[in-house]
Amino acid sequence: ADHRSVPLDDIARLSGATDLGPTLMRSLAQVRGVMVLRTCNRVTIYVDAPASADPHTIMDAVERELATASHAQREDVHLRHLWGRDGLVDLFSTAAGLESMVIGEREIAGQMRRAARTAWEDGTLSCDLGRAAERASATSRRVATETGLAGAGRSVVAVGLDMASRHLGPWGDMRVLIVGTGAYAGATVSALSALGASEVSVYSTSGRAREFAQGRGIGWVESASLPAALKRSDLVVTCRGLGSPVLTRDMAAVSGRTVVLDLALMRDAESSVSSLPNVTLIDLPTIQASVPAADADALTRARAIIDEEVRRLLDNAMREAWQILTTNRAILD
């Protein structure tokens with residue numbers, strides 16, 4: 001389920017599913033591996049099963065378990081299904097940012113690696129699925145290097161900050177508060193540094209703000225100081241996505257004139273914040289409607305690279321299978 005066919009609010013609900021990989025491994029005996037990828041605009045479940053398995057049975061089980069885990073009605077969960085080579089192409093394309101809201105964005109590569117690591121920790125990452133994910137990550141680096149799709153502005157963070165800048169003064173004069181310490185928070189710090197923003201601080205409900213800040217040379221905000229920090233900030237970037245707003249209407253109402261950039265799929269700012277006269281709210285649906293188009297030639301080149309790398313992966317798998325077969329035959333002889 002991704003931003004091209006499913007509303008972001010529905011994706012946010014599906015993203016709440018937990019323990020999905022182990023659950024599918026338990027409910028489908030023929031499945032060898034499961035990896036679940038969640039990003040700000042997609043939920044994808046990659047399943048490794050033998051060719052003899054019925055894909056329709058797997059499809060039904062995935063949708064049923066996803067509905068249960070996300071507390072949705074079964075009839076409300078409809079995923080786009082791909083298998084075989086098409087599934088591998090999707091895995092590689094996703095890792096390279098070709099299926100993202102902002103084509104070519106680089107955050108997805110790290111999210112893919114974390115999905116593989118989580119699957120490994122859960123005991124659901126099969127050898128073949130792990131090898132495919134590793135190859136997809138390497139291919140994403142090749143696409144970024146050889147096509148230029150990962151250039152300036154090719155990320156949700158970059159597009160959001162560009163939109164925010166239209167309501168702000170020079171970056172060197174701006175006071176920025178980041179709420180959250182995840183991947184998007186790290187990307188935001190890097191992007192702000194490149195833009196010349198020097199007064200940046202971070203707040204986290206998890207208590208990780210100080211550690212995050214000290215590793216990046218920015219300030220941090222304690223819980224007691226959050227109202228004052230909001231009041232003095234020109235830009236607030238929220239990227240927690242934990243399902244409950246950290247920026248309420250009441251909190252925003254007493255702040256000064258503020259631009260709020262909400263990068264969380266499960267909104268960090270209450271939607272009613274946008275109606276306040278002192279607040280400009282930019283959220284993911286707003287960004288989705290404003291993403292820059294990708295260069296057609298670069299996109300064609302990226303697709304060609306992915307086709308080449310998928311073919312190489314499949315050829316290697318065939319050679320390994322043939323070597324095993326011939327070795328076993330020699331032993332039998």
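Mentor: Let's start with a term we need: a salt bridge is a side-chain nitrogen of Lys or Arg within 4 Å of a carboxyl oxygen of Asp or Glu. Keep in mind that this is a predicted model.

Trainee: Happy to. How many salt bridges does that rule give here?

Mentor: The general idea is that side chains of opposite charge can pair when their charged atoms come close. In this structure, the count comes to 19 salt bridges.

Trainee: Which residues are linked in a network of salt bridges?

Mentor: The network links R135, R142, E146, R301, E308, E309 and R312. Let's take E309 as our way in. Its side chain meets that of R142 in a salt bridge, at 2.8 Å from N to O. E309 lies in helix α13 (residues 296-332) and R142 in helix α6 (residues 127-147), so this pair ties together parts that are 167 residues apart in sequence.

Trainee: Are E309 and R142 buried or exposed?

Mentor: Both are buried. For E309, the relative accessible area is 2%, and the cut-off for buried is under 20%.

Trainee: What about R312 and E309: how far apart do they lie in helix α13?

Mentor: First the general idea: an α-helix has 3.6 residues a turn, so residues three or four places apart point the same way. Here, R312 and E309 are three residues apart in α13, about one turn of the helix. Their side chains meet in a salt bridge at 3.6 Å, N to O. R312 is partly exposed, with a relative accessible area of 36%, whereas E309 is buried.

Trainee: Let me try another pair. Which residue forms a salt bridge with E63?

Mentor: That partner is R74, and the closest N and O atoms are 3.0 Å apart. E63 sits in helix α3 (residues 55-69), while R74 belongs to the loop between α3 and α4; the two are 11 residues apart.

Trainee: Why does E63 count as buried?

Mentor: E63 counts as buried because its relative accessibility is 8%, and buried means under 20%. R74, by contrast, is partly exposed, with a relative accessible area of 29%.

Note on methods
Residues numbered from 1 in each chain as written. Predicted model: local features only at pLDDT ≥ 70, side-chain atom pairs only at ≥ 80, totals over all residues. Heavy atoms only, no water. Helix = DSSP H or I, 4+ residues; strand = E, 2+ residues; numbered from the N terminus. Buried < 20%, exposed > 50% of the residue type's maximum accessible area, 1.4 Å probe, protein only.
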